[in-house]
Amino acid sequence: MMVAVATTSLAQENSDKQDVKQCFTIEDSVTWGNITASQVERLVTMAAQGHSTAQYYLGRCYFNGYEVPKDKLKAVEYYGQAAEKDHTEALYYLGFCYRYGFGVTKNEARADMFFKKTVKWLQEELEKDPWAPFYLALCYNYGFGVEVDHEKSMQLYEKAAGMGNSQALVNLALDYQLGNNVKKDAGKAVKLFTQAAEMGNPQAQLSLGYCYLEGDGVDVDKQKANQLFNMAAQQGLPAAKNAVIQP
């Protein structure tokens, strides 16, 4: 289902944690918003050649304004091109656009059609791709193509995390931090953010930094917070650059 069309550099915390590394695909870069201009250029070339994964990623970039002007109409166009080839994630985001009227006229029946196709393909890829349980968790969490089932959603996030998906850990951490459909547990959130941060996830590093800055589930440690902000900023996470505490 997933095709790695580009990679970012190896993420590592520091020299004495060489074993904590992960080579991230462009899926992560698009998720985190730290995709580069050269990656986008490559996507444009591949999309023009008919590569569905490149079309899908370009849709994500235009939807969020990552290294291109924000343009939801163009995002839907690229999602549609990829969805015509039954690209699973493109079907998901196309359904999302139709559900909420982003770049198209709101049409819940059409959205549901795309979501149901998404769920079908995700279930087939569940044991093969760490992003499949992640997206299926989102479907169960919001009722996209299935009945809302928060317990099932949490189980799928845990499955994705067990398959090495650090973003699933971040979503779980946010649920515990905010008390979304689970009992609020700041300490549990910190533990999950830490696991994802050690995998090199910049969103986890940023969120964990704020936990240390504000004493949310952990003792206040502004120096540690700034270290984490810098780690995330060095990976290009836009929000982290603004969070860095200047001397």
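This is a predicted model: local features need pLDDT of at least 70, side-chain atom pairs count only at pLDDT 80 or more; totals for chains, interfaces and linings use all residues.
**Helices H5 and H7**
- The axes of H5, which spans residues 88-100, and H7, which spans residues 131-142, come within 11 Å and cross at roughly 20 degrees; because angles under 35 degrees count as roughly parallel, H5 is roughly parallel to H7.
- The crossing of H5 and H7 is left-handed.

**Helices H10 and H11**
- Helix H10, covering residues 186-198, packs against helix H11, covering residues 202-214, at an angle of about 140 degrees, and their axes lie 8 Å apart, which means that H10 is oblique to H11.
- The H10 and H11 crossing is left-handed.
- On the H10 side, Val190, Phe193, Thr194, Ala196 and Ala197 take part, and they meet Ala204, Gln205, Ser207, Leu208 and Cys211 of H11; by class, the contact of H10 with H11 has seven nonpolar and three polar residues, and no charged ones.

**Cysteines**
- Cysteine 97 has a relative accessible area of 0% and is therefore buried, and cysteine 211, with a relative accessible area of 1%, is likewise buried.
- A search of the whole structure finds zero disulfides.

Methods. Residues are numbered from 1 along each chain as its sequence is written. Side-chain values use heavy atoms; hydrogens and water are left out. Axes are lines fitted to C-alpha atoms, for helices over the stretch in contact, and angles run from 0 to 180 degrees between N-to-C directions. Helices (H or I, at least four residues) and strands (E, at least two) are DSSP runs, numbered from the N terminus. Angles under 35 degrees count as roughly parallel, over 145 as roughly antiparallel, 65 to 115 as roughly perpendicular and the rest as oblique. A crossing is left-handed if the near helix is turned anticlockwise from the far one by less than a right angle, and right-handed if clockwise. A disulfide is a pair of cysteine sulfur atoms within 2.5 Å. Buried means under 20% relative accessible area, exposed over 50%, partly exposed in between (1.4 Å probe, protein chains only). Contact means heavy atoms within 4.5 Å. Ala, Val, Leu, Ile, Met, Phe, Trp, Tyr, Cys and Pro count as nonpolar, Asp, Glu, Lys and Arg as charged, and the others, Gly among them, as polar.
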